[in-house]
Amino acid sequence: MRATLSVKNLRTHFFTKEGVAKAVDGVDFDVAPGEILGLVGESGSGKTVTGFSILGLIDPPGRIVEGSSIRLNGEELTTAKAERLRSIRGAEIAMIFQDPMMTLNPVLRVDTQMIETVQAHLEVSRADALARSRAALVQVGIASPDERLRAYPHQFSGGMRQRVAIAIALLHRPKLIVADEPTTALDVTIQGQILFEAQRLCRESGTAMIWVTHDLAVVAGLADRIAVMYAGRIVEMGRTADVIERPMHPYTKGLIGSVPSQNTRGHRLAQIPGMTPSLLKLPAGCTFKARCPIAIGTCATMPALEEHRPGHWARCWRVAT
Amino acid sequence: MLVYIIRRLMQAVLVMVVMSALVFAGIYLIGDPVAMMISPDASDVERDAVRAALGLDQPMWRQYLVFVNAAVHGDFGKSFLAGQPAMGLIFERLPATLELAFASLVISLALGLPMGVYAGLRPKSIGAKTIMTGSILGFSLPNFWVGLMLIMTFAVLLPDLLPWWPRLPASGRGATVDLLGLKLSLFTADGWRHLLLPAITLSLYKGALIVRLARATAREVLPMDYVKFARAKGLSESRIVGVHVLKNIMIPIATVSGLEFGQTVAFAVVTETVFSWPGVGKLLIDSILLLDRPVVVAYLVVIVFFFVALNLAVDLLYSVLDPRVRLESRAS
Amino acid sequence: MTDAALEPALPPPPQTPFRRVISDFCESKLALFGLFLVAIALFIALFAPLISPQNPFDIAGLDLLDAKSPPGSVSGDGKMTYWLGTDGQARDMMSAIFYGMRISLFVGFTSVVAALIIGIVVGLVAAYAGGRIDALLMRIVDIMLSFPAILVALILLSLLGKGIDKVLVALILVQWAYFGRAARSAALVERNKEYVEAAACLALPAYRIVFRHILPNCLPSLIVIATITLARAIALEATLSFLGVGVPVTQPSLGMLISNGFEFLMSGSYWISFFPGIALAIAIVGINLAGDHLRDVLNPRNLR
């Protein structure tokens, strides 16, 4: 079955006065229909920029460098015309942002913002668009949708706003949803609900989803596959169970070890020493070398992403099979 | 809300009383209006007679009390020169000034807003840089200078050089039409011919401010998340700018336009002088130069009231445009 | 003997903030052009008596037959060329403009400096004293700022009468509030900074803290405001003189010259208003172009 999204050698660089920031520097992955891929990394790892690159929303001074390929159901997006990209956005690929307070325009009503999304892609009457919006709100579990439609964004709670954002994403039954840390700004109970809803929707409608987050615990329960990013590259990728239970890359191991859980109670939390390198001055060789507990001489050269176990890839010289 | 309005109105009354007292005292202390009105050969007897007739022989505080008493009844005295009630004169000339101010407001918005938004959307383009430099000129060049240049260009030089160029009148107001008891020249073609140059002159300062404000706000708004989200939804660029961006820009623009309207009416004094436009501004200048005290006082009273009303209207307008403000005030 | 090429080059000396301001400022051609215009205006104003072909105030030297001569014409006795024409009283326009520029700049500059001083004192006192004094002073400032400058100046001058000193008073009165407000804001920001606490710990007297420590840090924003205000002051004086309530006829500023020439505009002797108008524009636009860029350069965020 053909992958919904196929990303090959994606490189997105920012050409600033201080130099070139290589936010994303050679990323490859596929997402199958109905599959949820968790894209995990710290801030500065390039995960958000990857998401925006897929939608073509990179503003100058950044741009997607030649040689990159992003295919949606076989169609190449990096060379698509602006108008084609516009019609894809919101309809075939939808995005959910991190902070719903900032993503909904505070001076426009919710129904206005939903109706315009519908009418941007379909020639329907306002009444039809309104009906569709209402149905989408019901779908995400919002009670009394008519009241909500007539309200302004600041009148909602954070969880409710995020549900509205999800509803907007679902208006055109997209083939792919890119969710950029959608639950980070919410408290844990709401987070759980939203995660559950998201999973259900993908299973039912065959929508592929990329869930971008820094929180490994969130994707552990949600995603089918996980890709771990560090300094603009994928350092580990595989089925969720594999990555969580048998991590291969020292960074992944560090991430898992630093999550507090039953097993770590009473022990000091493991920390990864050091900080993410500046994207303007990436070190030569393996970018994780400076913080890696098992770095050796060969780490002076950047390792390639290798499939050390079936379906489980890692970018490290020292993977014990 | 009602309490707020009442409080503001009472403040306005207080300011008006203080202002009128100050001006009254000031004008009283200098200059003898009687000297302006009668010929220098008049005998002292005649002079005293005129003075008594106008009530100018009374001590100052009594004159002031007479004035206040009459003012409360709406009578601000008669203009020394014209013999007509001062307030009546003001109201007669008010429509002309308001017309001018209104036309200039429309022009400054219609030209300033698109230029400012454009400069915000493409800040590095040549067009944007020209617009911004032009805006500096717009608010720095004095009003009367601009009027002068416009007269020179459009009423003198161009018609002289190019015979087919229509000669725009350099003074006076055009034909008027009666509307609700007010004489307005907005609705006649001749009215517009006369209105055009003075309105453009008056609109330059505010237009420049609007351009700069629109550009600054546009640049603030464009990187906002909701603009990015609108793009992610697949909305067309024109919808994003025309609705999402513009609605956010309108709030500060409306506030500034409203507050600046008062300044515009004040600056109309100069424009009316340059173009001999028969509005209250010209009336004020003439009255000042000729020491026609009742008219000056009446003008001030009207202006202060106007300013207060304007401030109040702007506050209300703000709450209409920004739903966050409106709902908060209802909650409190 | 060392080979100069082998010696490691010393790093360039770090730029002092002052030098950086200058170099940032020079990046804008427009600002430099503005500065150039200002220099011309200043030069004319300072050296007016030396460079004017004629003393326009010397009535004896005027030949009424030469009145309203167009630009470029020669005087009746053949002694001088009226490069910019003459006015209704046969005054050489160029000389009149030079002297007029002098008066315009003098009035503008003096009023701004005086308003600046008053405003700084008021603003700093308000910021440092706080509490009720602050509230009272700011109330006064607010009231002054809420009235359009031109109306206040008009009413004031109608009360005071004509004369350069009275114009100065009116201009100062209308402008000090801006500086007061700006000085207070800047001082409030500084007041909360640590060095003020440190100075207070040293038990320095209040006025010393305020004037020796706080004031220098407020200066950048005050300089910017002063520049823009200067242009406004010149424009305001010109407007008032044009309306007939400003400088007296004996000391004509550019505004008054323009006003004098107004009646001749329609009858063809445009130069009597036009050239003073150009001179006025040069001064005002120059100050604004330079001041606008100065504001960007002196933006506190850029200075840190």
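Reply: The model is predicted, and the labels are taken in turn below.

Me: Why is A231(A) called buried?

Reply: A residue is buried if 20 or more other C-beta atoms lie within 10 Å of its own. A231(A) has 24 such atoms, so it counts as buried. A231(A) sits in the loop between strand 10 (225-230) and strand 11 (233-239) of chain A.

Me: What makes N73(A) partly exposed?

Reply: N73(A) has 14 C-beta neighbours inside 10 Å. Exposed requires 12 or fewer and buried 20 or more, so N73(A) falls in between. N73(A) belongs to the loop between strand 5 (69-72) and strand 6 (75-76) of chain A.

Me: What is said of phi at N73(A) and at A231(A)?

Reply: Phi is positive, about 50°, at N73(A), which is not a glycine. A231(A), also not a glycine, has a positive phi of about 50°. Most residues other than glycine have a negative phi.

Me: How do you know that chain A is as compact as a globular protein of its length?

Reply: The globule rule gives 20 Å for 321 residues, and the radius of gyration of chain A is 20 Å, so chain A is as compact as a globular protein of that length. Of those 321 residues, 43% count as buried.

Me: Which peptide bond is called cis, and with what omega?

Reply: The bond from P60(A) to P61(A) is cis, with omega near 10°. P61(A) is in the loop between helix 1 (47-55) and strand 4 (62-64) of chain A.

How values were computed
Residues numbered from 1 in each chain as written. Chains lettered and ligands numbered in written order. Predicted model: local features only at pLDDT ≥ 70, side-chain atom pairs only at ≥ 80, totals over all residues. Rg over C-alpha atoms; globule rule 2.2 N^0.38 Å. Helix = DSSP H or I, 4+ residues; strand = E, 2+ residues; numbered from the N terminus.
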